[in-house]
Structure formats: C-alpha cells, structure tokens
Amino acid sequence: MKSVLDADWFYWALAVAIGLPVGLVVLTEVNNALARRGSSLAKPVGLLRNYILPLGALLILLVKATEISAEATTVRVVATGFGFVVMVLLLSGLNAALFQGAPDSSWRSRIPSIFLDVARFALIAVGVAMIFAYVWGADVGGLFTALGVTSIVLGLALQNAVGQIISGLLLLFEQPFKLGDWLDTPSARGRVVEVNWRATHIDTGSGLQIMPNSVLAGASFTNLSRPDASHSLSIVSTFGASDSPDEVCALMTRVAEQLPQRRPGTAPKAIALGGSEFRVSIPLRSPAEDGAAKAMFQRWIWYASRRAQLHLDGNDDDFVTTERLTRAVRQMAPVLRLSHTEQQELLTHTTLARFGAGETVQVAGEVPARMSFIVAGRVRVSVAGPDGGLVPVRTLEDGEFLGQTALTREGSLAFAHALEETTMLQLERDHLEQLVLHNPMLLQQIGRLIEDRRASTRQALAAAVG
C-alpha cells in the first residue's frame, strides 16, 4: 500500500496548510504598519492578503492536491478570478509607487489623468486577453486585428479633433500654468480657476472665459504669476513740461510706496520716458490687485501732485485762493489764540493742502516740518501694534491738529491717515516758533496736548497687548 507521504498531493496540501496562515499573518502586520504610516502601498498589500493569497491557495488545492483537470470549469473560474485580482494588484501597485504622493514639480504629477486612464484601459485589455487566451483557450488574435483596423479608420476620420485633444493634453503635461495663476492671452486676461483635458477656464473679472487647450497650445501667452513674486504694475502719467523730472520721479515713487497692495520688501521705481511722460513700476503681491492699486495710485497722485505744486496732466491747481486761505486762518484763530493782526501776518506763512481718503498724512518717527490744522475732513491716528499692524488711537476732526512735535523737533508719536478727503491748513515751524514765543499760553496748550496723546498711545498699545 502506497504511503501518504509518497503521494504528490500531500506536500502541496501541507504547503498550503502552513504557508497560507503564515502568509496571512505576515501580510496583516505589513498592511497595518503601512496604514499607520499613511503609505499608499497599504491598499495593494491589502489586495494581496485578502484576495490573491486565498485564491492562489485555492487554485493550488484544486489543481495539485485534488488533481482536478486544469480544463475543468471550476478551475477556470477560480483562475479567471485570480487573474483579475492580479491585474488589479499590478495597476494599484504601479499607481501607488509612481503617481500617488509624487512631488508637485516632478513629471509624474504633470501627467494628465486622461493619459493614465488610457494606459489603464490598455493594460486591462491586454490582461483580459491573456486570461481568455491562457485560461479559456480563446483566440484573441482576430479580435486585436479587428480593433487595430478600426482604430486606424477612426484615427484618419477624426485626425483634426484628435489632434486638438492631443495638443491640449501635451499642454497639460508641460503645465506652464496651474490653478490660481494669472494668464494674459490674446483673447482673455484673468485667473485660472479650472483646468481639464479639453479646456481652461479663466475668470476675467467680468465673466468666465472658456478657452480650449488646443488654442492655448498654439498661441503665445504670458503667465503673470511666474516666477513667483515677480509681478509688477506699470502706470504712465503725464506732467507739465516745466516740472522737474527728478521731483516727479520722487513724488511717484513716494506715492507708490504708500500703496497697501505693494509687495513687502520691494521698492517701486519711477523713470522719465520723455515727452512729459513718466512711468512707475510697482511690485504687487498678485495680478488680482492691479485694478485696485492703479485706481488708488491715480487718485493719490492727483492730490500729491497738487500739494507738491506739480502739474499732473499739464493742469494748474487753483484750489489755494486768498479767500479760502483767509477763511481757514479765521477758523483756526481761536485754537492759536490769534489777534486780527496776527491772522493777517499768518496768511503769508500758511498754505492749504488736500489729502485723499487713505493717504498717509503723518508717519510715526519722522520729525514734522510744519503743524497741520484740520479745516475739513477726518484723520485717524494709529500706532504700530506688537504684530506690526496699526492700532487705532483716536479720530481727529475739524479744528484739531497734527504735527505738534514740530516745536520740540521730536519724531511724530503715531501714524495719521485721512479717512476722507481732508483739507489742512499747514503752518511752517519757523513762524510757529514766533507765535509761541509771544504767546506762552499756546506753548503750554501744545505741551499738554503732546502729553495727552502720549498717554492715549500707551493706553491703545496696552489694550492691544492685553
């Protein structure tokens, strides 16, 4: 009688009995370790543990242990299932190893998803063909021949449409732009909000421009967002022929430096173009701020040029008249304790200046050269907080003044910004010193005001910290 140990099926059965539990335990530990690390390989290992190992063991038992014919329907069904799971494992493993978690700058992250889908479809077709050929004995050569002929016919018929799609997909593979970038194309200028295999969606601010990728691939366009932190806004202004070019460039640079849209750590630059034209280049954080920055600059340069007695667009400023100046001095006379004679003398030592909403009237730390009295409008006084932001201290209105430290030649205590169009009567330091010399009460009043504002500044900072 033949011994059990001499039977061929015994060793196959023993290998399955020992190898299957050991394999399940090992793969379970590996899968848990990968899952704890968040690895993309956890899913392929799970497929290997849950499906391939049990199906492989079952197939061995059927063919080797029980010696069922490989052509039996049961064996073929199990082999087909095993082949499908192996195919899924290969696709999942390749995707996890090559594409999941790929760095943003690598070629793997730039491959359009449709390329991956087509590659998966081709691999699945080849895998299914191999399963039918080797497991079921089917003749798949004729099927592939028919598919090849059909593909050639369809390719010739749709070569223009397919060519556009391919050119668009190649554009996506190159990735000259990404979501959020600003593009300047021949037909649209705006921010990229969506990119797919067929078209790019650009938000122009006045609507959504749908631009086929094939059009972008064949056109020349500018990516305003690359390289990073490189975008600048250029604004051209015209001044009078008699205006000093250096004064104009300095004025435009100074106004541009005050823009809140300016990129921190950068400096605007103004140059003379000739023919009374000047251009200022302003580094901005994003092209999205072009409109707001341009509108604010043009508004502020209008006020600043008139204060500097320069001729923007060749125009003269006739705002400062004797009548307005007299009325402003008369309005400020009670604050300065002026007699009628002193008011008349003051007319030759003062001027009127207008500031636009948001303009900087006073910079903390700078020694003011004049004292400014608010004739009309409102000014917000604020100090720099611990985080670098501005902490409001108080709002000054008609009859109040700034620049009181001009007398003591100390730096200003706080920043001041106009909340609306503000007209100020400005008195030069030399004449102010003459006034307080003949009016000790005015000097005491200004001294008390300096101390009060220092106290207000300390309280505002303490409240911000607390």
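1. The chain has 14 helices and 16 strands, where helices (H or I, at least four residues) and strands (E, at least two) are DSSP runs numbered from the N terminus. This is a predicted model, in which local features need pLDDT of at least 70, side-chain atom pairs count only at pLDDT 80 or more, and totals for chains, interfaces and linings use all residues. Residues are numbered from 1 along each chain as its sequence is written, and side-chain values use heavy atoms, with hydrogens and water left out.

2. Of the 466 residues of the chain, 36% count as buried; buried means under 20% relative accessible area, exposed over 50%, and partly exposed in between, with a 1.4 Å probe and protein chains only. Among the contacts in the chain with a separation of 6 or more, 67% are made by residues 24 or more positions apart, a contact being heavy atoms within 4.5 Å.

3. E7 is joined to strand E8 (residues 277-283) by five bridges, and the two run antiparallel; within E8, valine 280 stands opposite alanine 270.

4. The largest pocket has a volume of about 1300 Å³. It is lined by 48 residues, and the closest to its centre are Arg254, Arg307, Phe355, Thr360 and Val361. On a 1 Å grid over the protein atoms alone, a pocket is an open set of points with protein on both sides within 12 Å along at least five of seven lines, a cavity is a set of points where a 1.4 Å probe fits but cannot get out, and lining residues have an atom within 4 Å of a point. Grid points are joined across faces, edges and corners, and a volume is the space filled by probe spheres set on the points.

5. Among the elements that each supply at least two residues of the lining of the largest pocket are helix H9 (245-257), helix H10 (290-307), strand E9 (350-355) and strand E16 (422-428). By class, this lining has 24 nonpolar, twelve polar and twelve charged residues; Ala, Val, Leu, Ile, Met, Phe, Trp, Tyr, Cys and Pro count as nonpolar, Asp, Glu, Lys and Arg as charged, and the others, Gly among them, as polar.

6. Six of the seven residues of E16 are buried, so this strand is largely enclosed by the rest of the structure. Six bridges join E16 to E9, and these two run antiparallel, with glutamine 426 in E16 as the bridge partner of threonine 351. E11 and E16 also pair in the antiparallel sense over six bridges, and phenylalanine 373 stands opposite leucine 425 in E16.

7. A search of the whole structure finds one cavity of 30 Å³ or more, and about 140 Å³ of space lies in the largest cavity. Its lining is made of 15 residues, of which Gln362, Gln404, Leu413, Ala414 and Arg453 lie nearest its centre, and the elements that give two or more residues to it are strand E13 (390-396) and helix H14 (440-465). By class, the lining of the largest cavity has six nonpolar, seven polar and two charged residues.

8. Leucine 396 lies in strand E13 and, at 0% relative accessibility, counts as buried. Leaving aside residues up to four places away in sequence, leucine 396 touches several residues, including Ile374, Val379, Phe401 and Arg453.

9. Glutamine 309, in the loop between H10 and helix H11 (322-336), has a phi near 60°, a positive value in a residue other than glycine, and counts as exposed at 66% relative accessibility. Arginine 409, in the loop between strand E14 (401-402) and E15, has a phi near 55°, again positive in a residue other than glycine, and counts as partly exposed at 47% relative accessibility.

Notes: Pairing = 2+ DSSP bridges.
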